[in-house]
Amino acid sequence: IEVFALADEGLVVPQRKQMSGKLKETKKKNTILTKIVIGISVLIIAIAAYFLYTKYFKQQNNQLEKSIAILPFKNVSTNKEENEPFCIGVALELQKKLELFSGLIPIASQSVEKYRDTKLSIPDIASELGGIKYIVQGNVLRDKNKVEVFVSLTDATTDKEIWSDDFPGEVKDIFSLQENIAQQIASALQLKITPDEQSRINRLATQNPAAIDAYNDALTAYVKLVSAVHPLYWDSITSSPQLYSDYLHTLSLCDNAIHSDPLMAEAYVLKGQTYIYRTDKGANDSQTQPTLDSIKSLANKALKIDEFSSDAYFLLSQTTFNSDSAISYLEKSLAINSNNFDANRELGNHYSWYDPEKSIPLCKKAIRLNPLSVFTSSVYTTLGFAYNTCGDFQNAELYCKKAVELSDTNTIFRTNALRWLTIIYLQWGKADSVIKYASQYVNRELNAYYEIAQAYCNDKNDCSRAAGMYDTLWHRYPNHRNFNRWAVALVNSGKIAEAKEKIALAVKEYRNNNDTLSYDYAGLCALKGDKETALKILKQWRWDWGSPYLIQHDKLFDNIRNDKEFKDIVQKALDEKTEERNRIKQLEEKGEL
């Protein structure tokens, strides 16, 4: 800089002339080098862009092409109030028809209901639903036994209508009209329909006008009941007189539909689905078992009429406590309807305990199908637990926190999300996080004391405090299981006599429940000093949930922690989880999960 400044003043012109040749040569070399660097950079960027497009954007676009949502149809009948259930039923049953197309991703009606009277634009709705591609809108006009349905299909990315049509007919032919509408939508989207899909879509539920009206009345009442039940937590439907009245009314309407047409499989399924809300929410209901038997009977009646009822198989999965049987029913349900949200959600939940490679895609499919409903947070919770099972605590934490966020206004799902987030921290060994999140639901879920006590005992080494919390828990919840947890806290508090009493109760409990091959029973044996039995059980244990991580700081196993065989067993389990975690990561990187 100095040289050129002086040259400008005319003081060192000869030096400037002498250097200009070198500068030109250097500049030329720098220019060539710059061009090479730019060329290589452009090539790298191009390769990266192509990779991203083919791996992510192209894949996302393919998924986007298949996604569709049916907005609630508008009732334009003269007598709107009388025909509202019929109008609601038209859209809901069309939804079920579209679900049978494996080439579509139809957004569940629970996520779409919020747009019934919306002023949002089609692109905005599509964006809120996860960036879906197509939107179906419709009007229903009914006049006594005559009906006319107007339907349009819009490309949500351009907000341009790509197809619309009128479908006039009689009320008794409404299922035929819905079949025709579904076929027209499939044709407009150039879907390939398999012979099995065609056969299932062609099925007519009934042609009895009385059964159609009774069924739609029951369906509308059921939707209302479901919405009302969700905010409750560990409470029976019978605890609310109004809710119980609505529940009985819904069952009565289902009976009306069955009476009108005993061969309407959908009516039996709907009654079974109504019963589900008594069994799920009726923890204090002494008639739970008879209700399960009733659900099983209704599902089997539906399957005798329609052997391809996906919902009937789902109902059967809810009537058994045998995991293998439940999985078998759920797989049959999904084989018929791969877009069945409930079946994807429940099967994902079963696999989340021991097979995250199967669980994760099922959970992600369920979230795609139902991104905004009250159920969605529970799927995020399950997804987080699946990642926890393979030791991916970062994703486990991420998805469980997402579940907490989504369930902010819903007590039952928020409590559930907080509890599973707490359990993940417990297995991770993060005591402060366990205490922080468990304290948020301790007033609604007594098991919060259980998780907090474990954190104090295992990770903070404050076993006296833990023993006091277990005492509080068992006094409030006498039927609580796992006396071994209380026992280990007492042992480490020096209260040996009390500990022996709890150990005896724990042994009796596990033997009575035929649960002597479990993780906790192995821990109980280790606590008693029965090293041989503890190691024998651990060799057979398939290391479900996050057990390989919890065992590393679980005081139940302190008596054998330094044993070489114990260390080898645990290390083998950790290595298998690492391999599983790496497989999942590779599948995700390929866009296959």
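This is a predicted model: local features need pLDDT of at least 70, side-chain atom pairs count only at pLDDT 80 or more; totals for chains, interfaces and linings use all residues.
Biologist: How many helices and strands does the protein chain have?
Modeller: Both are DSSP runs, numbered from the N terminus: helices are H or I with at least four residues, strands are E with at least two. By that rule the protein chain has 27 helices and six strands.

Biologist: What share of the protein chain's residues is buried?
Modeller: Buried means under 20% relative accessible area, exposed over 50%, and partly exposed in between, with a 1.4 Å probe and protein chains only. The protein chain has 593 residues, and the buried share is 50%.

Biologist: Why is helix α3 described as largely enclosed by the rest of the structure?
Modeller: Helix α3 covers residues 80-99 and reaches 28 Å from its first C-alpha to its last. That is close to the expected 28 Å, where the expected span is 1.5 Å times one less than the number of residues. The helix is largely enclosed because its buried residues number 15 of the 20.

Biologist: Which residues touch the most other members of the largest nonpolar core?
Modeller: A nonpolar core is a set of buried Ala, Val, Leu, Ile, Met, Phe, Trp, Tyr and Cys residues joined through side-chain atoms within 4.5 Å. The largest one has 160 residues. Those touching the most other members are Ile 68, Phe 73, Val 149 and Phe 557.

Biologist: Which cysteine sulfur is nearest to that of Cys 457?
Modeller: A disulfide is a pair of cysteine sulfur atoms within 2.5 Å, and the whole structure has zero. Cys 457 counts as buried, at 2% relative accessibility. Its nearest cysteine sulfur, 3.3 Å away, belongs to Cys 463.

Biologist: Which strand runs antiparallel to β4?
Modeller: Two strands pair if DSSP finds at least two bridges between them. Strand β1 (residues 67-70) pairs with β4 (residues 134-143) in the parallel sense over three bridges. Strand β2 (residues 74-75) also pairs with β4 in the parallel sense, over two bridges. The antiparallel partner, joined by 10 bridges, is β5.

Biologist: Which residue in the turn between β4 and β5 has a positive phi?
Modeller: β4 and β5 form a hairpin with two residues between them. A phi of about 55° belongs to Lys 144.

How values were computed: Residues are numbered from 1 along each chain as its sequence is written. Side-chain values use heavy atoms; hydrogens and water are left out.
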